[in-house]
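Dear colleague,

Please find the structure below, handed over for your records.

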Amino acid sequence: MVLKLLLYRKGMLRISVTGESYDRFLNLCANHGIALWNLEYHGNAYEMDISVQGFRMLRPLVKKSRTRVRIIRRQGLPFFLYRCRKKKMLFAGLLCGILLLYFMSCFLWRIDIEGNQQITRGQICRYLETVHIENGTRISVIDCKELAAMLRKQFDAFTWVSVKQEGTRLLIQVKESTDPEANVKNNEKKETEGINSANLPTDLIADKNGVITSMITRKGVPMVSVGDTVKKGDLLVKGELEILDDSGEVSGYQYCASNADIFLKTSYEYREKIRLKRKEKHYSGKEKQKIGLRVGKWQMYLPGAGKKMQTFDTVTEMHPLCIFQNFYLPVSFEKQQFFEYTYETVTLTEEEASAMAEKDLYDFLNKIQEKGVQIFENNVKIEFDTNYCIAKGSVILIEKAGKSVERITTE
């Protein structure tokens, strides 16, 4: 392979030798160190390959051997450049293209996120923008390990994060916790990690109003009991333990980080209105589409045909340009589809409005339960007036309460 590359760089010839004494010609070439290869006999002539330097040494040998040499084919870089001597702009453009590709390879042009369900792609991308990682960011400033740690810290639902840089693509793979209670605990841990990491004494205070339904204290002195009504900010567990002497008097204090599971019965006021007369979309069935090109933030579309639509929904398909497996460029081909619609005024019946209100309430209660909150009682009722269907009332919940705050010692 190396020898072929050297011969291609220096150039080689395919020659045809005719005459009376082929043997003497070949012996003379061997004696003078002229290399010949790919020797073939065709009719009354021998064909062979020879280097340009060797060909220049053939004149006296041809005369001695009484043979004639004719060039059949020229190969190699020198002959290629000679043939292209009038195409300088082509080579200049090729060189500029190579330099441009090299320059573009220094930047990030695609971000792929896999494994996220609870946290949307939009939320992750907005956070990445706050840490200055987006399309067009220099690859050299991206630290994948540090970014993975930042994502884990920012989103408590992520139990595992992997960040890889492949070509001009950044691949973020995540795994999310399927336990809503674990997410709540992670949020609580995040709020108090500064205090607990320093091993400082803490109190537990109420972070909402309610009635205590259950209480298990692990560390600290409970200041309330089951059945007590507490308000936001009330002290629940004190991180100060009294030390008594032999006479039963307080001789000192021992401080700790309070820890307890406290559940409150709380009331949430629910109110949702549904308009009985409402506008809904009605699609006419007319469609249009146009094709365009996007380069960075600049875009150009071919003009669409047909009458313009007044109101329409748009669906855009993007096909980014990828030269190699992970070598993406800030160029994409786009296809836009437009679906025409008009608004129609629809009057809901009481049965339809009630069904919609019940569905909204059902979705609301499901979201609460997904957070690990227990629904104790549902007192929501559906009423009607002239223009609205109104669902209102209270929902009694049993949820975990308690917030760690640093305790000021009395010593």
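Helices (H or I, at least four residues) and strands (E, at least two) are DSSP runs, numbered from the N terminus. This is a predicted model, in which local features need pLDDT of at least 70 and side-chain atom pairs count only at pLDDT 80 or more, while totals for chains, interfaces and linings use all residues. Residues are numbered from 1 along each chain as its sequence is written, and side-chain values use heavy atoms, with hydrogens and water left out.

E352 is found in helix 10. With a relative accessibility of 41%, E352 counts as partly exposed, a class that lies between buried (under 20% relative accessible area) and exposed (over 50%), using a 1.4 Å probe and protein chains only. E352 also belongs to a negative surface patch, together with E280, E344, E350 and E351. Such patches are made of residues with over 30% relative accessible area and no salt bridge, like charges being joined within 9 Å. A salt bridge is a side-chain nitrogen of Lys or Arg within 4 Å of a carboxyl oxygen of Asp or Glu. Helix 10, residues 350-370, gives the most to this patch, with 3 residues.

Another glutamate, E240, lies in strand 13 (residues 240-244). E240 is buried because its relative accessible area is 6%. Its side chain makes a polar contact (a pair of N or O atoms within 3.5 Å, one able to donate a hydrogen and the other to accept it) with the side chain of Y255, at 3.2 Å.

Finally, helix 1 (residues 2-10) is hardly covered, with 0 buried residues among its 9. G11 follows helix 1 and has a positive phi, near 95°.

Yours sincerely

Conventions:
Patch = residues over 30% accessible without salt bridge, like charges linked within 9 Å, V, L, I, M, F, W, Y side chains within 5 Å. Areas by Shrake-Rupley, 256 points an atom, 1.4 Å probe, with all protein chains shown as cover. Lys, Arg positive; Asp, Glu negative; His and termini not counted. Charge placed at Lys NZ, Arg CZ, Asp CG, Glu CD.
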